[in-house]
Amino acid sequence: MSGCTATIRFTVNGDQHTVHAPPMKRLLDVLREDLHLTGAKEGCGEGECGSCSVRVNGELVNSCLVPVLQAQGATIQTVEGLAVDGRLHPLQQAFLNCGGAQCGICTPGMLMAAAQLLSINAHPTLGQIREGLAGNLCRCTGFTRIFASVMAAAVEGETESAGRATHAR
Amino acid sequence: MRGNAEAHEMIAPGTLPAVLELLAAAPGEWTPIAGGTELMVAHAAGKLGARRLVSLWGIRELRFIDAGADTISIGAAATFRDLRAHTGISSQLPLLAKAASWIGSIANQSRATLGGNLVNGSPAADSSPALLVYDAEVEVVSVRGRRRIPYSEFHTGYKRNAMAADELLFAVHIPLRFARHRQYLRKVGTRRAMAISKVALAATALAENGAIGEVRVAAASLAPFPARLYQTESALLGNAIDALVIDEARKALLAEAQPIDDIRSTAEYRKRVAANLLEEFLIELRREAAQH
């Protein structure tokens with residue numbers, strides 16, 4: 001059956017969108033091609049590498065494995081939604097400070113996986129960080145600095161929330 | 001070759017009765033898709049044969065975990081993240097909780113479902129060995145009604161199962177009678193996350209008065225589908241755990257295992273490692289029995 005499209009409504013980074021797409025089109029492709037949000041990358045295309053990671057309804061997913069029909073009504077956050085009003089998210093600032101990004105292809109996915117981890121565990125151990133990011137591969141092999149970045153962001157977030165209780169993420 | 005999204009039809013009826021009506025009206029025509037962690041991989045590679053897909057994602061009747069006094073029932077569309085977050089499962093079904101933590105990555109666990117793991121029927125399925133040694137039952141549903149099947153009889157061949165074309169996996173029921181049993185599950189793969197098993201072995205056993213009173217052993221990747229190792233169990237049942245019995249059990253396992261050579265490992269490696277895992281479990285069991 002060709003030419004069949006569905007009408008999908010969802011919220012991405014706080015903005016409501018309506019897209020017309022084949023229901024089996026991958027959420028990744030809809031984000032990149034229809035919404036021009038190119039932060040999420042295609043690495044393996046089979047859920048192994050995590051470079052397409054986004055958050056859907058508060059859960060981390062590989063957007064390459066989500067048929068867009070299953071995102072109907074969803075609330076989606078991509079890496080473009082991390083910074084607020086041009087102010088970097090503490091994770092992004094920590095990746096900058098600690099050298100957590102090298103070539104940058106894995107970085108959006110790493111940031112989203114780390115954001116997911118910190119949303120449910122504000123003070124992860126190194127082991128928990130390694131588990132939380134285990135589905136995200138860095139081809140530059142910069143894992144040590146990536147883990148250090150997440151650890152630094154967790155500490156930064158803690159001091160920040162102590163000082164600025166109303167800061168919105 | 002990359003899959004073509006326009007070559008597939010997909011609908012989301014939104015309720016269980018609507019899905020069952022669809023399956024009944026044209027048995028075999030529609031392929032259920034839940035979290036998509038298997039079918040979307042095939043789609044990406046241009047190898048998804050199913051032309052018409054019916055989405056189970058978001059159907060509430062299928063996504064639940066009910067913890068009763070004697071049984072924990074898990075809806076087929078419960079995700080592995082749901083399983084990991086459930087305190088009843090982590091406390092009363094530790095092997096299943098452990099298996100859930102091994103499946104893919106966090107991103108996979110938030111989409112992959114227990115039902116999908118079983119219906120996909122991979123010989124290496126992560127949740128299967130635990131369910132087999134917990135004596136789980138599966139419940140399938142169609143417009144004709146519901147029926148239960150022992151999970152040990154669910155898989156009938158490589159990627160084949162006991163469901164009819166109009167049936168859908170509804171739930172998995174796990175009896176809570178293994179609290180006193182020694183429980184074991186170990187997976188051997190290339191890395192801790194994301195790795196598909198080379199081999200995995202699970203066991204539950206009771207050692208009473210120095211002898212094995214009840215025992216279940218099951219494995220992944222030793223046969224065309226995850227299965228109990230009945231000959232191995234027979235070699236153990238009623239016996240005291242000594243070096244001779246351990247040796248007999250190893251021999252029984254090596255005789256009934258039917259692994260293959262593939263990209264992940266060799267048949268010979270799988271057999272030897274499975275026998276070693278069995279021995280590790282039996283030594284744990286013997287140590288525990290000696291303390292009672």
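## A walk through chains B and A

Start by selecting B:Ala25: it has 11 C-beta neighbours inside 10 Å, so B:Ala25 counts as exposed (exposed means 12 or fewer other C-beta atoms within 10 Å of the residue's own, buried means 20 or more, partly exposed is in between, and C-beta atoms are placed from the backbone). You're looking at a predicted model, where local features need pLDDT of at least 70 and side-chain atom pairs count only at pLDDT 80 or more, while totals for chains, interfaces and linings use all residues. Residues are numbered from 1 along each chain as its sequence is written, with chains lettered from A and ligands numbered from 1 in the order in which they are written.

B:Ala25 sits in helix H1 (residues 16–25) of chain B; helices (H or I, at least four residues) and strands (E, at least two) are DSSP runs, numbered from the N terminus.

Next, pick out the open, antiparallel sheet of chain B, four strands ordered S11-S12-S13-S14; strands pair if DSSP finds at least two bridges between them. S11 (182–188) and S14 (227–228) of chain B are at the edges with a single partner strand each, so one side of each has no neighbour in the sheet. Zoom in on S13 (residues 211–220) of chain B, joined to S14(B) by two bridges. Here B:Ala218 is opposite B:Arg228 in S14(B).

Then show helix H5 (residues 94–102) of chain B, which packs on the sheet, touching S11 and S12 (199–208) of chain B, at about 15° to S11(B). Angles run from 0 to 180 degrees between N-to-C directions, with axes as lines fitted to C-alpha atoms, for helices over the stretch in contact. Helix H11 (residues 267–291) of chain B lies across S11, S12 and S13 of chain B, at about 25° to S12(B).

**Where the chains meet**

Select the contact: 26 residues from chain B and 30 residues from chain A, where contact means C-beta atoms, placed from the backbone, within 7 Å. On chain B's side, S1 (9–11), H2 (39–44) and H6 (106–109) of chain B each give two or more residues. H2(B) has the largest share, four residues.

**Over to chain A**

Finally, colour chain A by secondary structure: five helices and five strands, in the pattern β-β-α-β-β-β-α-α-α-α along the sequence. Its C-alpha trace spans about 55 × 35 × 25 Å along the principal axes. Buried residues make up 47% of chain A's 169 residues.

Technical notes: Contact = placed C-beta atoms within 7 Å.
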